[in-house]
Amino acid sequence: MSLFESVPLAPADPILSLTEAFKADSNPEKINLGVGVFVDDSGVTPILDTVREAEKRLAESNTTKSYLPIPGKPDYAALTQELCFGPDLKSRLSGRIVTVHTPGGTGALRVAADFISKNLSSPTIWLSTPTWANHKGVFSAAGLETKNYAYFDHGTLSLDYPAFKQSIQNIPAGDIVILHACCHNPTGADLSPEQWDEVAEIATERGWIPFLDFAYQGFGTGIDEDAYGVRKLAGSRGPCFVAQSFSKNIGLYRDRVGALHILTESGEENQRVASQIKVAVRSNYSNPPTHGGDIVITVLGDAELRSRWEKEVAVMRDRINQVRIQFVNALKEAGISRDFSFLENQKGMFSFTGLNKEQAIELRERHSIYIVESGRVNVAGITSSNLPRLASVLKNLIEN
Ligand code: LMR
């Protein structure tokens with residue numbers, strides 16, 4: 001009997017497996033609306049000009065490939081904190097934020113999960129219904145139990161705020177609640193500032209711990225506007241966790257660059273938490289990969305590059321918002337009677353189309369159009385050249 005005889009075949013990843021299938025598809029008209037990757041109107045995921053410039057500078061100035069410290073460079077912590085919390089709150093929270101440079105936002109979630117699992121008294125992790133397909137996997141892999149809170153109304157394809165509010169009011173003290181800071185993945189349905197204010201009040205009142213997943217800063221309304229919920233929750237009480245990603249807003253997907261910020265209540269507590277975070281990192285991947293982190297330091301730390309980068313983020317955001325409008329219009333013009341105008345009000349790369357699993361499979365297998373089987377589309381994958389075919393296929397699929 002072989003050693004691996006009893007190893008079962010794992011199910012394919014619901015998002016990343018679509019990229020593999022898309023690459024293997026020989027249809028020249030194939031359309032990828034699966035994985036959350038920004039493309040420009042020519043269908044290319046660009047390397048930002050500011051990133052190219054940073055890489056050029058780094059190639060000239062780098063002198064070593066020796067290890068980074070376990071939490072990464074202090075400059076990285078300072079700059080990522082500033083982007084996340086804003087300069088005022090960052091200085092108000094000075095000495096109370098533990099920051100660690102992680103391999104992507106997923107790395108931040110996993111380091112936090114390991115820390116929580118080892119050091120806190122078995123809190124339940126609460127996830128929105130629906131949530132990013134990998135959330136449950138990351139927290140379960142660290143041995144944590146997950147439960148779900150209400151968030152979305154599948155009938156109206158929009159946020160069900162009353163159900164959400166009622167749900168989070170019933171979460172026990174000490175449990176951890178994963179909130180999408182902006183550009184909710186997979187629905188695009190975000191909380192308004194007033195709703196964030198209420199969430200902050202509820203968190204304080206009930207005593208549960210907010211954990212903000214912040215993967216799309218700048219892709220919703222603006223760099224500071226998208227941080228409203230993070231800053232509200234971090235500013236009104238502690239503790240709180242934030243997982244930050246630079247995959248999308250600096251386009252560093254494959255370089256895997258993110259940060260975990262943990263807001264503690266005192267300098268002394270900060271030291272103890274930081275020491276345990278180091279243990280979690282050391283036993284996981286030892287210390288972070290430097291390249292992407294150095295790009296972030298160079299772009300965010302240089303006033304001229306930073307302002308150019310903010311413009312690049314605005315260009316990506318504007319394109320996504322334009323595509324949302326064009327998509328709704330194209331569906332209308334194709335003669336689809338169902339009202340898709342909700343897509344225009346949603347934020348970020350993702351929306352739910354209301355298509356079911358069978359329809360998603362039919363799109364993929366018969367038309368080489370790749371969407372997640374939950375019905376999620378990455379609207380940032382729509383271009384002026386693929387939109388007409390997309391709208392006409394959807395018309396036939398929905399109306400027949
Ligand atoms: C997505 O949701 O498509 C992205 O966050 C990429 C991923 O890793 O799933």
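## The ligand and its surroundings

An oxygen atom of the ligand is 3.5 Å from a side-chain N or O atom of Y216, a polar contact being a pair of N or O atoms within 3.5 Å. N185 places a polar side-chain atom 2.9 Å from an oxygen atom of the ligand, and for R376 the separation between a side-chain N or O atom and an oxygen atom of the ligand is 2.8 Å. Taken alone, the ligand exposes 260 Å², of which the protein buries 83%; accessible areas come from the Shrake-Rupley method with a 1.4 Å probe.

This is a predicted model, in which local features need pLDDT of at least 70 and side-chain atom pairs count only at pLDDT 80 or more, whereas totals for chains, interfaces and linings use all residues. Residues are numbered from 1 along each chain as its sequence is written, and side-chain values use heavy atoms, with hydrogens and water left out.

The shell around the ligand consists of I15, V35, G36, W132, N185, Y216, K248, F350 and R376, where a residue is near a molecule if one of its heavy atoms lies within 4 Å of it. By class, the shell divides into five nonpolar, two polar and two charged residues; Ala, Val, Leu, Ile, Met, Phe, Trp, Tyr, Cys and Pro count as nonpolar, Asp, Glu, Lys and Arg as charged, and the others, Gly among them, as polar.

## Packing of helix α2

Helix α2 (residues 49–61) packs against helix α10 (residues 290–301) at an angle of about 110 degrees, with the axes 9 Å apart. That makes α2 roughly perpendicular to α10, a term that covers angles of 65 to 115 degrees. Axes are lines fitted to C-alpha atoms, for helices over the stretch in contact, and angles run from 0 to 180 degrees between N-to-C directions; helices are DSSP runs (H or I, at least four residues), as are strands (E, at least two), numbered from the N terminus. From α2, the residues T50, V51, A54, E55, R57 and L58 meet H291, D294, I295, T298 and V299 of α10, contact meaning heavy atoms within 4.5 Å. The residues of this contact comprise five nonpolar, three polar and three charged.

With helix α11 (residues 303–333), the axis of α2 crosses at roughly 150 degrees and comes within 9 Å. That makes α2 roughly antiparallel to α11, as applies to angles over 145 degrees. D49, T50, E53 and R57 of α2 make this contact with E304, L305, R308, W309 and E312 of α11, and the residues involved divide into two nonpolar, one polar and six charged.

## Backbone features in loops

T129 and P130 are joined by a cis peptide bond with omega of about 0 degrees, and P130 is found in the loop between β3 (125–129) and α5 (135–141). Another cis peptide bond joins N185 and P186, with omega of about 25 degrees; P186 is found in the loop between β7 (176–180) and α7 (193–206).

L157, although not a glycine, has a positive phi of about 55 degrees, and L157 is placed in the loop between β5 (152–153) and β6 (158–159).

Conventions: Parallel < 35°, antiparallel > 145°, perpendicular 65-115°, else oblique. Polar contact = N/O pair within 3.5 Å; in protein donor to acceptor, adjacent residues only side chain to side chain.
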